[in-house]
Amino acid sequence: MKPSVRGLSLVLVPLLLSLFFVALMPKESAMKTYEVFGVKIEKNPPQSKLTELGVSTWNKWEGGPTKIPWSFKEEETMYLLEGKVRVTVEGSVGSFEIGRGDLVVFPKGMNITWEVIEAVKKHYSLKK
């Protein structure tokens with residue numbers, strides 16, 4: 001049986017878009033700060049910045065492997081101490097990962113799927 005063109009396009013188009021997105025993602029060595037789907041990510045910010053922000057005084061959260069939908073009622077800034085998370089933003093094609101040493105800002109109103117791949121420990125702050 002020959003596959004239909006429509007059937008192939010339903011599989012190939014999302015795959016090609018995902019590959020295109022991955023190819024365009026900045027490499028860690030190339031960029032220290034970048035934005036993906038409106039999420040700001042800074043890789044391994046200097047301790048002076050973390051101190052200036054008061055990260056050690058922020059609330060703490062930790063959790064093991066899980067996959068949950070999440071909606072940001074306020075802008076949330078987080079600093080990941082441990083772990084790895086795959087983030088899928090509602091309405092976007094593809095996903096991205098954040099992990100140990102990342103300072104991340106999620107905008108108010110964003111809806112995501114939060115998939116903990118490796119147990120996470122993080123500090124977080126909500127902007128009212």
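User: Is Phe 96 buried or exposed?

Analyst: Phe 96 is buried, because its relative accessibility is 2% (buried means under 20% relative accessible area, exposed over 50%, partly exposed in between, with a 1.4 Å probe and protein chains only). This is a predicted model: local features need pLDDT of at least 70, side-chain atom pairs count only at pLDDT 80 or more, and totals for chains, interfaces and linings use all residues. Residues are numbered from 1 along each chain as its sequence is written, and side-chain values use heavy atoms, with hydrogens and water left out.

User: How many aromatic pairs are there?

Analyst: A pair of aromatic rings is described by the distance of the centres and the angle of the planes. Rings of Phe, Tyr and Trp (its six-membered ring) pair if their centres lie within 6.5 Å; planes under 30 degrees apart are stacked, over 60 edge-to-face, the rest tilted. The count here is three aromatic pairs. One of them joins Phe 37 and Phe 96, tilted, at 6.3 Å centre to centre and 45° between the planes. Phe 37 sits in the loop between β1 and β2, Phe 96 in strand β6, 59 residues apart (strands are DSSP E runs of at least two residues, helices H or I runs of at least four, numbered from the N terminus). Phe 37 is partly exposed, at 26% relative accessibility.

User: Which pair is stacked?

Analyst: Phe 72 and Phe 106 are stacked, with 4.6 Å between centres and 10° between planes. Phe 72 lies in the loop between β4 (66-71) and β5, and Phe 106 in strand β7, so the pair ties together parts 34 residues apart in sequence. Phe 72 is buried at 3% relative accessible area, and Phe 106 is buried at 0%.

User: Which residues have the most contacts inside the largest nonpolar core?

Analyst: In soluble globular proteins, nonpolar side chains tend to be buried together. A nonpolar core is a set of buried Ala, Val, Leu, Ile, Met, Phe, Trp, Tyr and Cys residues joined through side-chain atoms within 4.5 Å. The largest has 19 residues, and Val 87, Ile 98, Phe 106 and Trp 114 have the most contacts inside it. Its largest share, five residues, comes from β5.

User: Which residues lie nearest the centre of the largest pocket?

Analyst: Rolling a probe the size of a water molecule over the atoms shows where empty space is left. A pocket is an open set of points on a 1 Å grid over the protein atoms alone, where a 1.4 Å probe fits, with protein on both sides within 12 Å along at least five of seven lines; lining residues have an atom within 4 Å of a point. Of the 13 lining residues, Trp 61, Trp 70, Phe 72, Glu 76 and Lys 122 lie nearest the centre.
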